[in-house]
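Morning, everyone. Please take a look at the structure on the screen, and then we will walk through it together.

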Amino acid sequence: MDAGVVVDTGRVPWLPRQVTFRELCPESRRVDEASGGDMVGVGVHPVWREEPPRAGAADHGGEACPRGERGAQPSVGEAEILAPRDPECGGGLGGLPGSDLRRSAGCRLTIGKVENTHPQAAREQQRDGAPHAEFGIVGMGRDDECVEHGILRGGLARTAPVVRLPRGFPGAYSPLMHDPSPADDPIPAPLTIPAPLPVPAPLPDLDAAAAHARRTAVLASVESLLGWDEQTMLPPAGGGYRADQVAAVATLVHAARTDAAQRERLHRLEDLLAGGRGERLDHEDRATIQRLLRDHHKHIRLPARLVEETARACIDGQQAWVDARRHSDWKGFAPKLEQIVRLKREQASCQSPELDPYDSLLDDYEPGARSSDVSALFDRLRPSIVQLVRACQDSADRPDDAMLRRHFPKDAQARFVRTVAERIGFDFDRGRLDTSEHPFCSTNGPHDCRLTTRWDEAYLPTALFGVLHEAGHGLYEQGLRSDAFGLPAGEAASLGVHESQSRLWENLVGRSLCFWQWCLPVARQAFPSSLSDSTAESIQRSLLTVRPSLIRVEADEVTYNLHVMLRFDLERALVRGELSVADLPNAWDERCERDFGIRPANAAEGVLQDIHWSAGLIGYFPTYTLGNVYASQLMAAITRDQPDLSAEVAAGRFESLLGWLRERVHLHGRLLDPGPLLLAATGMPVSERWLIESLWGRYGPAHGLGGRPP
Ligand SMILES: [Zn+2]
């Protein structure tokens with residue numbers, strides 16, 4: 001392992017394309033020999049600016065040495081690891097089999113000669129404008145169960161995700177993963193060690209394709225703004241012309257997405273990747289091309305006529321839904337839904353003829369997800385939830401939410417929820433909050449993210465949790481890279497990931513005791529008489545009420561998932577033609593009775609309660625429960641990484657929580673699909689385990705039960 005050995009890190013996101021080993025430090029050499037060459041490689045890749053070489057400092061030649069310093073060559077940067085990352089990981093620092101991460105906590109690393117600058121690091125440096133060193137560590141053990149890497153910033157101990165990957169990482173992950181079984185757990189192929197590569201040449205096609213994508217995003221943001229206006233401001237008589245406006249812009253967006261010159265550029269870039277010449281590109285560029293291509297292939301297969309017809313039908317459908325729900329008029333709405341289902345089935349078969357039609361629609365919201373995986377995950381989740389709901393129902397010691405059902409004047413609520421949104425980090429210079437029938441979050445530009453909520457003066461959680469939820473979406477949008485607006489690097493990974501952010505703030509933060517230790521005094525200022533006898537403990541416990549009910553958006557956190565599973569099963573049957581629109585209300589009511597023990601008295605509290613289908617959002621519902629699954633897994637990782645989190649939240653400090661999410665989730669846009677993103681962020685494959693543990697762990701004790709399934 002003398003100078004110049006290059007290890008291809010192409011399978012590890014966020015790292016430079018290659019890492020050069022200058023030489024091994026004695027500790028590494030010892031481990032290397034002891035492992036019989038099992039250690040494939042480890043390296044440190046430094047980048048920095050304006051950091052002059054310091055004569056006489058030690059050099060590990062690009063090697064991370066937990067032991068100390070050695071050698072006499074000039075060094076140009078150093079950093080400190082202040083915290084162990086994942087002590088259970090067999091790879092240890094730098095991926096040395098058997099080494100112990102804990103041993104490296106607090107040690108100083110000294111790094112060697114600059115090879116090149118990782119684009120992401122360069123951008124961060126430009127943004128920060130401060131001289132510092134930044135480098136990543138990668139270790140790959142051929143027979144090891146994990147690959148780890150980190151970006152450590154000089155003196156700041158800012159660490160990027162430590163990734164723990166099961167064997168066989170080469171990338172063939174379904175977005176929905178469970179713990180790998182030995183059967184799908186092959187030994188990975190040896191890493192390739194290519195010759196050193198030249199500095200990437202600029203790619204005019206990629207620049208032009210990106211510029212085109214940004215222009216398309218401008219048009220799409222106009223469409224989004226029209227949608228926001230329709231649901232917040234539009235006078236009722238303006239609806240007809242609004243449908244014309246939306247259809248006109250949707251047609252322009254579609255034309256841009258299917259532009260012939262863009263198609264040619266993308267095909268040339270596709271050829272470049274297929275020809276192996278993509279090695280000149282970094283991870284972000286390659287992922288950008290792959291995602292632009294994936295989108296393009298979908299759009300190009302949709303006839304303009306279908307796009308326009310669908311846009312009109314959905315505007316029309318939403319307007320009809322508002323009326324139909326108000327008057328519980330299923331018959332008036334059914335023909336609109338029939339048309340929408342027909343159009344969505346046509347869309348499904350056009351855009352991905354190779355997929356099951358429902359999978360084709362699901363893929364629009366959760367890239368790479370397949371309904372068979374979702375269904376299997378729900379099947380593993382459902383029994384624990386049903387069991388918890390029953391146990392809570394049967395408990396003699398149930399929380400009571402009467403204190404949340406007093407009088408909470410709307411004006412005071414408006415001031416209160418804005419304070420809360422601001423405190424958790426929502427930036428009102430780049431966003432706003434309005435009122436709508438159905439709360440939502442809409443992004444109309446890199447610095448324009450709008451939340452809505454609704455108000456109930458007789459029930460505080462309606463607006464508060466509506467805002468916490470939508471602000472969670474908003475924090476994600478505001479955390480995406482504004483310099484990449486309209487490009488995959490600046491877009492959300494999926495709706496499930498989006499929902500994980502909203503659920504995390506709504507349920508895992510907003511229903512926690514530490515949150516109310518901070519929030520109760522703020523709430524008391526807004527509602528002095530209604531909350532005069534409350535304590536943080538009593539409010540928090542009242543928020544953990546479990547009560548089967550008919551309306552999804554008012555459901556408690558536990559039964560919520562059963563509402564989602566109901567919709568998932570029904571909409572999948574609709575799209576597959578196994579259920580007709582005419583039979584839908586009855587199917588709905590029967591399932592309600594089975595799952596919740598209650599039958600809707602009318603369509604408004606049954607099949608007409610959600611806006612989604614009227615807006616053509618079919619395949620969307622499962623992302624809500626996926627969001628709960630992801631949120632619990634993220635929170636498990638955050639509390640592992642930040643043991644002081646509760647104390648911070650109790651003091652009204654949310655920066656480190658938001659910072660973790662920014663760094664591990666937001667800043668990566670959709671350069672990774674949901675499964676790999678979750679794996680990278682948390683070090684664990686997606687699993688329902690964390691949601692089950694989270695629900696039982698919080699709702700069990702609040703009902704006088706144990707904190708885990710019996
Ligand atoms: Zn949401």
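How many bridges join S9 to S10, and do they run parallel or antiparallel? Three bridges join them, and the two strands run antiparallel.

Some ground rules. This is a predicted model: local features need pLDDT of at least 70, side-chain atom pairs count only at pLDDT 80 or more, and totals for chains, interfaces and linings use all residues. Residues are numbered from 1 along each chain as its sequence is written. Helices (H or I, at least four residues) and strands (E, at least two) are DSSP runs, numbered from the N terminus. Two strands pair if DSSP finds at least two bridges between them.

Now the whole chain. The protein chain has 23 helices and 10 strands. Of its 710 residues, 49% are buried. Buried means 20 or more other C-beta atoms within 10 Å of the residue's own; exposed means 12 or fewer; partly exposed is in between; C-beta atoms are placed from the backbone. Next, contacts: two residues are in contact if their C-beta atoms, placed from the backbone, lie within 7 Å. Take the contacts between residues at least 6 apart in sequence: 71% of them join residues at least 24 apart.

Back to the sheet. It is open, has three strands in the order S8-S10-S9, and its pairing is mixed. Strand S8 (431-435) and strand S9 (441-443) are at the edges with a single partner strand each, so one side of each has no neighbour in the sheet. From one strand to the next, the twist averages 20°. Angles here run from 0 to 180 degrees between N-to-C directions, and axes are lines fitted to C-alpha atoms, for helices over the stretch in contact.

Pair by pair, then. S8 and strand S10 (residues 449-453) run parallel, joined by five bridges. Gly431 is opposite Cys449 in S10, and Thr435 is opposite Thr453. S9 and S10 make a hairpin, with five residues between them. Gly445, in the turn, has a positive phi of about 160°.

Which way do the residues of S10 point? Cys449, Leu451 and Thr453 point one way, Arg450 and Thr452 the other, and all are buried.

What packs on this sheet? Helix H4 (residues 204-232) does, touching S8, S9 and S10, and its direction makes about 150° with that of S9. Helix H13 (residues 460-479) also packs there, touching S8, S9 and S10, at about 165° to the direction of S10.

On to the core. A nonpolar core is a set of buried Ala, Val, Leu, Ile, Met, Phe, Trp, Tyr and Cys residues joined through C-beta atoms within 7 Å. The largest one has 137 residues, and Val420, Val467, Ala471 and Tyr699 touch the most other members. Leave out residues up to four places away in sequence, and Val467 touches Val417, Val420, Ala421, Leu433, Leu451 and Thr453.

Helix H19 (residues 622-641) has 15 of its 20 residues buried. Leu645 is found in helix H20 (residues 645-650). Why does Leu645 count as buried? Because 20 other C-beta atoms lie within 10 Å. Leaving aside neighbours within four places in sequence, Leu645 is in contact with Ile638, Thr639 and Leu657. Leu645 and Leu657 are 12 residues apart in sequence and 7.3 Å apart in space, C-alpha to C-alpha.
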